[in-house]
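Here is a friendly walk through helix packing and aromatic pairs. Have the structure open beside the text as you read.

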Amino acid sequence: MELGVNSMRSLPWIAVIAISSFTACNYTEGECYPRGQGGGNAGVGGSVVVPNGAGGFGDVPPESQDATDPPPPDCNIVPQSPCNEKCLADYVEAAAECGKLENETQRRACQDVAFLGYKSCRENCRQKENKECDDKYQDCINHGPSSCRKEEAGKSLCNRCWERCNAGDSPSARCRNCKF
Amino acid sequence: MPVEALELRGGVSLGVMLAGTQPRLAVSPHAGISWRTESGFLFAIHDSFSILPATNKDGVGVYNQTSADFGVAWDKGDFSVGPSLSIYSMPACGVAWCGRLVGLSPGGHAQTNVYFAGPFGVSVSANIAWIGGISLVLPGGVAAMVVAGPAFRWSSE
């Protein structure tokens, strides 16, 4: 059981390097629910909000489970547009404030208002992003290279790039050349 | 400078864990192995497996932390600190949401053991871990745990 002091001294550095090579990572397993509604049977028949809106561009926003067609639960954050990110951040903040209300009726009403605000915010983002695509399309038609206006299979490249833009896809190299 | 003693130890501790906004009871069986030099320097590997009893519909949580500690030892005890790595599956609540978190976290650990009846004594440990990731429940923050309980050791001189 001989262990030299040199190897003992190197052990701290080995441990530090090994541990620091890890970064924290986590995810939510299953559904989540607003704080304060988890005691007992939360999630069964109540207005448990399932934050599904953290998905990508155009995803269905969070919705009450009272809805007739509730979205599948997803309580993990995935990248989305900055505009939608702000909507979600505002919603989380509003929901947190609602969670502080003692009265259940008031709390649920508050959460419904927060959810409606979130839906409205997402819709505004969608309209804003569509307008940006329209502006790029006009720029493509007016100032893009002539190849962008040439029709292939009934659609010009400007038109195809506009469709990509509306779908939330990043512009291809050809689209970037066409002012997208 | 040769290692003077190898020591195995174990025990069961009780305490509190705070991950997010709600503290939880933690029952933590733990075990460790340590090497002690003649000068009193200590290197130890600890593993603590904490069970977090159910308090809501999300059920029981488990939180395992392994650490590599360095410290000092004396006849009747020791004290050590070091980096740790935790793996967990546990219910938690953030500011707005609650749910079950699964993840991996680096962190730190400190532990002291005092033996007052032969190989039997008391162990107190504190852990802190960086919680973060894509969970909407706890996308960032720290988890802290303090537990204490009876412990025993077996030494090989």
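In this predicted model, helix 3 (residues 104–143) of chain A packs against helix 5 (residues 157–166) of chain A at an angle of about 165°, and their axes lie 9 Å apart. Because angles over 145 degrees count as roughly antiparallel, helix 3 of chain A is roughly antiparallel to helix 5 of chain A. The crossing of these two helices is right-handed.

Which residues make the contact? Helix 3 of chain A contributes Asn130(A), Cys133(A), Asp134(A), Tyr137(A), Cys140(A) and Ile141(A), while helix 5 of chain A brings Cys158(A), Asn159(A), Trp162(A), Cys165(A) and Asn166(A). By type, the residues of this contact are 7 nonpolar, 3 polar and 1 charged.

Now to the aromatic rings. Over all chains, the structure holds 7 aromatic pairs. Two of them are set out here:

| Pair | Distance of centres | Angle of planes | Class |
|---|---|---|---|
| Tyr91(A) and Phe115(A) | 6.5 Å | 55° | tilted |
| Tyr63(B) and Tyr88(B) | 6.0 Å | 20° | stacked |

Tyr91(A) and Phe115(A) are both buried. Together with Tyr118(A) and Trp97(B), they form one aromatic cluster.

Are Tyr63(B) and Tyr88(B) buried or exposed? Both are buried.

Methods
Residues numbered from 1 in each chain as written. Chains lettered and ligands numbered in written order. Predicted model: local features only at pLDDT ≥ 70, side-chain atom pairs only at ≥ 80, totals over all residues. Heavy atoms only, no water. Axes fitted to C-alpha atoms, helices over the stretch in contact; angles between N-to-C directions. Helix = DSSP H or I, 4+ residues; strand = E, 2+ residues; numbered from the N terminus. Parallel < 35°, antiparallel > 145°, perpendicular 65-115°, else oblique. Left-handed = near helix turned anticlockwise from the far one by under 90°. Contact = heavy atoms within 4.5 Å. Nonpolar A, V, L, I, M, F, W, Y, C, P; charged D, E, K, R; others polar. Phe/Tyr/Trp six-rings, centres within 6.5 Å; stacked < 30°, edge-to-face > 60°. Buried < 20%, exposed > 50% of the residue type's maximum accessible area, 1.4 Å probe, protein only.
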